[in-house]
Amino acid sequence: MFYNPIKNHPEAIFVQLTTGCNAKCTSCPHPFTYGNEGHHKAGNMSQQTWDEFVRQVADAGYRGQVGLYLHHEPLLVKSLGRKIKDINERTKAYVVLSTNGALLTEDRRQELIEAKPRQVHVNMSSADPEQYSDIMKLDWEVTRINTHAFIKEAGNAINIEINCPVLPGVDTTLLEKEFPTVKVNAEYYANSRGGLLDDVSAEGMGSRFKIATACDQPSQNFNVLFDGSVIVCCMDWEHESKSDFPTIFEQDMFATYGGATMKGIRREFNDGDYSRYKMCTNCAQEMGFNVGVPIRRADQLKNACRKLVRSL
């Protein structure tokens, strides 16, 4: 099919390889959506689903990011290295990985270095051992040692960054002191994940989701669950939007991205209407989007230009 790299693709496609995670972070709804007490079906992406995903990425000539970190811990996936190589060797896209780092053992570090993702984010909520344990329910010393070893062993082969979703009372300068040779992203606050976390909010703070006057997620990103289902946003931990989109087996995902439903959601957001999904209603209020106020045509053009620049 004809593929326009500017108009017909998202900046990033996030893929859920499994529903598992080894952490129980207080800033994440995973424990009560996918965890042992969760209400979603547990599972792993089948080889058939993965091959179909890669085929569509390759056929489209997609050159953007494939993010292997949607609602899960990717280092739990035994075939992770092979999957990264599939993207690198079979498509024109590149891989970004996000992990909590606790499973960066020597074998997994070497696997990643050999597979060559373009970027790896190691997520840490604090560099204070007790605070880290309280927030992430992981062993700080294990994560610290593994991450330092990965940074040293990877050298310049992989762009490694530390991500800190900032929570009240966390001194992010401790992370900068702990990892002085890599970038530490600590300018964005943890958010409520569409209203699911009662005690977490980014309201009035910086957030990586607030990049324009209206929410830009349906344009910026595309999200594929482990069974090939599609959701409108990574904030959709409850799968509110899942039934509104065909699976990647039912319709090419780039056709879904450019389809009537996604376009309708984008128009609603531009018009200030976030009522379609509960998560969007909550998130728009938290992020300070244009609720009830259509954005001006001039602002729409500015947002489009901003998106174009990011995609180049």
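Select helix H2 (residues 80-90) together with helix H3 (residues 106-115) in this predicted model: their axes lie 9 Å apart, at an angle of about 10°. Helices here are DSSP runs (H or I, at least four residues), numbered from the N terminus, and axes are lines fitted to C-alpha atoms over the stretch in contact, with angles from 0 to 180 degrees between N-to-C directions. H2 is therefore roughly parallel to H3, a term for angles under 35 degrees.

Next, display the side chains between them. H2 contributes Leu-80, Gly-81, Ile-84, Lys-85 and Asn-88, and H3 contributes Arg-108, Glu-111, Leu-112, Glu-114 and Ala-115; contact means heavy atoms within 4.5 Å. These residues comprise 4 nonpolar, 2 polar and 4 charged.

From H3, select Arg-109, Gln-110, Leu-112 and Ile-113; from H5, select Asn-146, Ala-149, Phe-150, Glu-153 and Ala-154. This contact has 5 nonpolar, 2 polar and 2 charged residues.

Finally, select Phe-53, which touches Ile-13, Val-15, Val-66, Ile-87, Val-224, Ile-248 and Met-253, leaving aside residues up to four places away in sequence.

Residues are numbered from 1 along each chain as its sequence is written, and side-chain values use heavy atoms, without hydrogens and water. As the model is predicted, local features need pLDDT of at least 70 and side-chain atom pairs count only at pLDDT 80 or more, whereas totals for chains, interfaces and linings use all residues.

Conventions: Helix = DSSP H or I, 4+ residues; strand = E, 2+ residues; numbered from the N terminus. Parallel < 35°, antiparallel > 145°, perpendicular 65-115°, else oblique. Nonpolar A, V, L, I, M, F, W, Y, C, P; charged D, E, K, R; others polar.
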